[in-house]
Amino acid sequence: MANNKKQADATVQNVDEALSKSEQFVEKNKNIITYCLIGIIVIVAAVWGWNAYSNSQNQKAQEEIWSAQYLFEAGDYQQALEAFEAVIDQYGSTKTGNLAKAYAGLCNKELGNYEEAISLLKKYSGSDAVVAPAVTAAIGDCQVNSETPDYKEAARNFEAAAKASNSAEYTPLYLKKAGLAYEKAGDNASALKAYQAIKDNWRETSVGQSIDKYIVRVQ
């Protein structure tokens, strides 16, 4: 019993000492602790405020972009470009502003402004399974059609678009574009690889059903 009492007393003493040290630490560093707490509150408030502001701005951007999309769908690329540029100027940091960069790049591509198109398309950042590969492929289209074409880089972009898309609707098309670009670059071996991938994996698609003649051409 005496030993148990001594152990209990020692435990109580240790707890008291630990609490005393904690109290001393808090008292000694109370200003620092207060400033840290204030800093955390400020950061949390700033993040919350930014998110609220960003969501509000994105909603406004969505209200602005629909008319530009309508012009784009109608084929009025110059007017659409100006409308998308207005969205970018005001709401470029929002999700909708990011999408407007892709649209503006596509407008420039359709207007034959390939360097401007590439610059804008590269500013788009997204992982959408349809839009992101389409943007990458559009960069490849511009590289093929520019005054100083870069066929190999275009082919690599088409292959990247095909891999990212992984769909029967778009992947064979992007692979075919890659093959054609490799042919332009004089790299028949890489062209054959792209065409063969279509035959092996996408044979039942419309592109796949006519791929044999391209394979024969580069063999």
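A salt bridge is a side-chain nitrogen of Lys or Arg within 4 Å of a carboxyl oxygen of Asp or Glu. In this predicted model, E183 and R217 meet that description, with their closest N and O atoms 2.8 Å apart. The pair links distant parts of the chain, since E183 sits in helix α8 and R217 in helix α11 (residues 212-218), 34 residues apart. Both partners are partly exposed: the relative accessible area is 21% for E183 and 47% for R217.

Of the 219 residues in the chain, 32% are buried.

The structure holds eight salt bridges, and the E183 and R217 pair is one of them. Another joins the side chains of K199 and D212, at 3.3 Å from N to O. This pair, too, links distant parts of the chain, with K199 in helix α9 (residues 188-201) and D212 in helix α11, 13 residues apart. K199 is partly exposed, at a relative accessible area of 33%, and D212 counts as partly exposed at 29%. A further salt bridge brings together the side chains of K109 and E110, 3.4 Å from N to O. E110 has a relative accessible area of 41%, which lies between the limits of 20% and 50%, so this residue is partly exposed. K109 and E110 also belong to a network of salt bridges that includes D141 and K177.

F72 counts as buried at 15% relative accessibility, whereas Y77 counts as partly exposed at 23%. The rings of F84 and Y103 are arranged in another way: this pair is stacked, with 4.7 Å from centre to centre and 5° between the planes. Here distant parts of the chain are linked, F84 lying in helix α3 (residues 77-91) and Y103 in helix α4 (residues 95-110), 19 residues apart. F84 has a relative accessible area of 0% and is buried; Y103, at 16%, counts as buried as well. Together, F72, Y77, F84 and Y103 form one aromatic cluster.

Charge also gathers on the surface, where D76, E82, E85 and D89 make up a patch of negative charge. D76 can be found in the loop between α2 (30-73) and α3. At 32% relative accessibility, D76 counts as partly exposed.

Two more residues are worth a visit in the viewer. N166 lies in the loop between α7 and α8 (171-184). Its phi angle is near 50°, a positive value in a residue other than glycine. The relative accessibility of N166 is 58%, and because this is over 50%, the residue counts as exposed. K152 is placed in helix α7 (residues 151-165) and counts as partly exposed at 37% relative accessibility. Between K152 and G140 there are twelve residues of separation in sequence and 9.4 Å in space, C-alpha to C-alpha.

Conventions: Residues numbered from 1 in each chain as written. Predicted model: local features only at pLDDT ≥ 70, side-chain atom pairs only at ≥ 80, totals over all residues. Heavy atoms only, no water. Buried < 20%, exposed > 50% of the residue type's maximum accessible area, 1.4 Å probe, protein only. Phe/Tyr/Trp six-rings, centres within 6.5 Å; stacked < 30°, edge-to-face > 60°. Helix = DSSP H or I, 4+ residues; strand = E, 2+ residues; numbered from the N terminus. Patch = residues over 30% accessible without salt bridge, like charges linked within 9 Å, V, L, I, M, F, W, Y side chains within 5 Å. Areas by Shrake-Rupley, 256 points an atom, 1.4 Å probe, with all protein chains shown as cover. Lys, Arg positive; Asp, Glu negative; His and termini not counted. Charge placed at Lys NZ, Arg CZ, Asp CG, Glu CD.
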